[in-house]
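User: I would like to learn how to read the main features of a fold. Please take me through this one step by step.

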Amino acid sequence: MAATARKDPLRALISQQRSLVTPRQWADEDAARTRSTLRLLCPEPGEGRVVALYAARPGEPGTALLIERLAREGWRILLPLLKRAPDWAWFRDGEPLAPGWAGIPQPAGPGLGADAIALAEIVVAPCLAVGLDGTRLGTGGGWYDRVLPHRKPGAKVLVLARDEEVFDTVPSEPHDIGVDIVVTQTTVRNLRGS
Ligand SMILES: Nc1nc2c(c(=O)[nH]1)N(C=O)[C@@H](CNc1ccc(C(=O)N[C@@H](CCC(=O)O)C(=O)O)cc1)CN2
Ligand SMILES: Nc1ncnc2c1ncn2[C@@H]1O[C@H](COP(=O)(O)OP(=O)(O)OP(=O)(O)O)[C@@H](O)[C@H]1O
């Protein structure tokens, strides 16, 4: 079966698994992933450094705590702005994110353009599943496939996932962009020799 046809059943399986995770379990796992990600990103002060994150909605590996802690460490945080074309806006501390399209929390803007991702030294992307060979299965809009080519040369792509969502490989197509680091609730893995 073609990779594109194999993606949807895996998306459905992971969504089903995620729907069974209790709020308590999400909170524990999110705290663990946040700790590991902060350890990776914050050996030095973050002042002025830029990270592109996603604003998680309920039922995805959470980022609220990570956003709060990185902002406190002085990082500047880019978040997706969901408009007709992919866009980014700065997270502004103290300014609440408002649920937008598909319930995804969004910053108020202004939009900085799709290529603002080039300001980031690391991109934390959402995924439904990830392969240890660097393959990534997203929600299916192709949003990150469109923006990741604009990232700074050498900028790492990190995904937050649940242990159950890590496989040897996941179905991928030529446009899919590889992952460098996988953070789950129990492990941090550097892939692709990075
Ligand atoms: N929190 C978060 N932000 C993100 C993503 C994401 O997966 N999660 N994206 C990752 O690329 C981009 C947005 N792409 C998305 C693509 C599809 C759906 C989605 O849930 N689609 C539903 C239909 C929703 C509706 O029409 O209201 C679906 O396919 O069932 C969500 C986000 C950028 N920001
Ligand atoms: N660079 C691109 N430009 C235009 N369309 C693209 C690009 N990359 C992917 N697409 C299209 O987007 C659709 C979804 O792709 P795919 O299934 O790989 O999404 P995904 O990686 O799971 O989602 P996301 O990147 O949003 O997390 C496909 O129809 C694909 O052809």
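User: In which sense do strand 11 and strand 12 pair, and over how many bridges?

Analyst: In general, the strands of a sheet pair through backbone hydrogen bonds, either parallel or antiparallel. This is a predicted model. Here strand 11 (residues 181-183) pairs with strand 12 in the antiparallel sense, over 3 bridges. Within that pair, Val183 stands opposite Val188 in strand 12.

User: What is the order of the strands in the open sheet?

Analyst: The order is 3-2-1-6-9-11-12, an open sheet of 7 strands with mixed pairing. Strand 3 and strand 12 (188-190) are at the edges; each has a single partner strand, so one side of each lacks a neighbour in the sheet. From one strand to the next, the twist averages 25°.

User: What joins strand 2 to strand 3?

Analyst: A hairpin does, through 3 residues. Strand 2 (residues 76-82) and strand 3 (residues 86-90) are paired in the antiparallel sense over 5 bridges. Pro80 has Trp88 in strand 3 opposite.

User: Which strands does helix 2 lie across?

Analyst: Helix 2 lies across strand 1 (50-52), strand 6 (122-125), strand 9 (156-160), strand 11 and strand 12. Its direction is at about 145° to strand 11.

User: At what angle do the axes of helix 2 and helix 3 cross?

Analyst: Two packed helices are described by the angle between their axes and the distance between the axes. For helix 2 (residues 23-41) and helix 3 (residues 64-72), the axes cross at roughly 30° and come within 9 Å. Angles under 35 degrees count as roughly parallel, so helix 2 is roughly parallel to helix 3. The crossing of these two helices is right-handed.

User: Which residues of helix 2 and helix 3 meet?

Analyst: From helix 2 come Asp30, Ala31, Thr34, Thr37, Leu38 and Leu41, and these meet Leu65, Leu66, Arg69 and Leu70 in helix 3. Sorted by class, the contact of helix 2 with helix 3 has 6 nonpolar, 2 polar and 2 charged residues.

User: Turning to the ligand, which residues come nearest to ligand 2?

Analyst: Gly138, Gly142, Trp143, Tyr144 and Asp145 come nearest, out of the 14 residues around ligand 2. Helix 4 (residues 143-147) gives the largest share of the shell around ligand 2, 4 residues. By class, the shell around ligand 2 has 3 nonpolar, 6 polar and 5 charged residues.

Key. Residues numbered from 1 in each chain as written. Chains lettered and ligands numbered in written order. Predicted model: local features only at pLDDT ≥ 70, side-chain atom pairs only at ≥ 80, totals over all residues. Pairing = 2+ DSSP bridges. Axes fitted to C-alpha atoms, helices over the stretch in contact; angles between N-to-C directions. Parallel < 35°, antiparallel > 145°, perpendicular 65-115°, else oblique. Left-handed = near helix turned anticlockwise from the far one by under 90°. Contact = placed C-beta atoms within 7 Å. Nonpolar A, V, L, I, M, F, W, Y, C, P; charged D, E, K, R; others polar. Near = placed C-beta within 6 Å.
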